[in-house]
Amino acid sequence: MNLNSPWRTSELDAVRELAAKFCATELAPHRERFAQQHHVDRALWQRAGDLGLLCMSIPVEYGGGGGTFAHEAVLLEEQARIADSSWGAGLHSGIVAHYVLQYAQEELKQRWLPKMASGELIGAIAMTEPGTGSDLQNITTRAVAEGDDYVISGSKTFITNGQQADLVIVVAKTDPNHGASGISLIVVEADRPGFRRGHVLNKIGQHGQDTSELFFDAVRVPKSHLLGETEGQGFIQLMTQLPQERLIVAVGAVAAMETALQHTLRYTHEREAFGRNLFSFQNTKFTLAEAATETRIARVFLDHCICLHLHGKLDVQTVAMAKWWTTEHAMTVIDNCLQLHGGYGYMNDYPISRLWVDQRVQKIYAGTNEIMKEIIARSL
């Protein structure tokens with residue numbers, strides 16, 4: 001764990017202590033059960049809410065903790081340090097709640113956000129479709145205005161919190177004749193007729209996360225559920241909020257690197273081969289020296305980005321750099337650390353194996369790393 005992050009405060013240290021204890025008692029002991037059932041327990045959300053660990057960066061007048069992104073980052077780091085990928089709290093608190101906070105009507109903020117903070121409502125955001133991937137401008141999910149309602153039809157895939165979500169922010173076309181300017185964000189409550197969940201998707205990792213397909217069969221919602229004052233603002237809203245989502249990914253990547261390095265240092269000092277511990281071999285020392293350096297660089301860059309974000313100065317290109325660089329190097333570091341574990345690194349009993357398989361998707365979601373390079377190149 002880095003002890004010198006410039007955004008660290010005594011208050012955040014107390015939050016970290018609480019978060020670490022929560023992760024150690026409520027997540028780590030249930031890892032295998034969550035993986036088998038493909039979701040965390042519903043009660044876990046409410047226990048987190050009772051402790052004030054949900055929506056920590058949402059203002060107190062809406063039931064949140066009144067904190068900043070740094071509070072969310074602390075919880076994300078502690079979750080990564082126990083190699084948990086099951087609980088979708090980062091998306092719930094750091095992403096979905098902020099779309100509601102920034103763009104929903106006041107009455108809906110008052111209705112939804114306190115229940116998101118308590119764990120009574122779980123949030124998800126439905127962007128990706130089976131045929132579009134990162135190409136959001138060509139989504140086919142439609143929201144047709146009929147009287148005082150929108151009627152939403154379409155399907156989404158790879159949706160985090162998909163099985164448990166009570167509120168789903170749906171990216172839909174309100175004007176199919178336009179590209180980005182025809183996209184809107186509309187909140188759908190999961191108890192609406194016509195809303196269906198598919199099976200939990202069979203992934204190579206993150207088995208405890210309820211990533212799902214979602215189906216909208218003429219789902220009718222009030223026009224007041226539109227995020228923003230007018231239709232067609234969805235793409236701008238996504239571009240405004242995606243930097244925080246990408247920073248969340250970077251936080252998890254760096255914490256995973258640090259965790260992998262800690263586990264591997266411990267393992268190589270304890271494990272013996274040919275009469276001496278593994279760390280004494282030059283290849284081991286050189287590999288870990290490289291890993292430690294890459295991890296330190298990643299931490300410094302991440303801390304810089306968090307400080308920029310806390311002051312409202314994190315730009316789209318810089319966070320794209322952070323998302324791309326940290327997730328690419330996390331896979332390199334974790335893969336090399338797994339190699340130093342030998343055959344044990346391939347066993348599910350060892351944390352390094354879970355870190356390796358769960359980390360791979362970080363290069364894909366929140367915009368693939370190829371998209372990140374496109375974004376970076378535009379500023380050159």
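Colleague: F274: buried or exposed?
Modeller: F274 is at 81% relative accessibility and therefore counts as exposed (over 50% relative accessible area; buried is under 20%, partly exposed in between, with a 1.4 Å probe and protein chains only). This is a predicted model, in which local features need pLDDT of at least 70 and side-chain atom pairs count only at pLDDT 80 or more, while totals for chains, interfaces and linings use all residues. Residues are numbered from 1 along each chain as its sequence is written, and side-chain values use heavy atoms, leaving out hydrogens and water.

Colleague: How many aromatic pairs does the structure hold?
Modeller: There are seven, a pair being Phe, Tyr or Trp rings (six-membered for Trp) with centres within 6.5 Å; planes under 30 degrees apart are stacked, over 60 edge-to-face and the rest tilted. F195 and F216 form a tilted one, at 5.5 Å centre to centre and 55 degrees between the planes.

Colleague: Which strands does that pair tie together?
Modeller: F195 lies in β6 and F216 in β7, so the pair ties together parts 21 residues apart in sequence (strands are DSSP E runs of at least two residues, helices H or I runs of at least four). Both F195 and F216 are buried.

Colleague: And what is the pair of F274 and F281?
Modeller: That pair is edge-to-face, because the ring centres are 6.5 Å apart and the planes at 75 degrees.

Colleague: Changing topic, at what angle do α4 and α7 cross?
Modeller: Roughly 40 degrees, with the axes of α4 (residues 69-81) and α7 (residues 234-270) coming within 8 Å.

Terms used
Axes fitted to C-alpha atoms, helices over the stretch in contact; angles between N-to-C directions.
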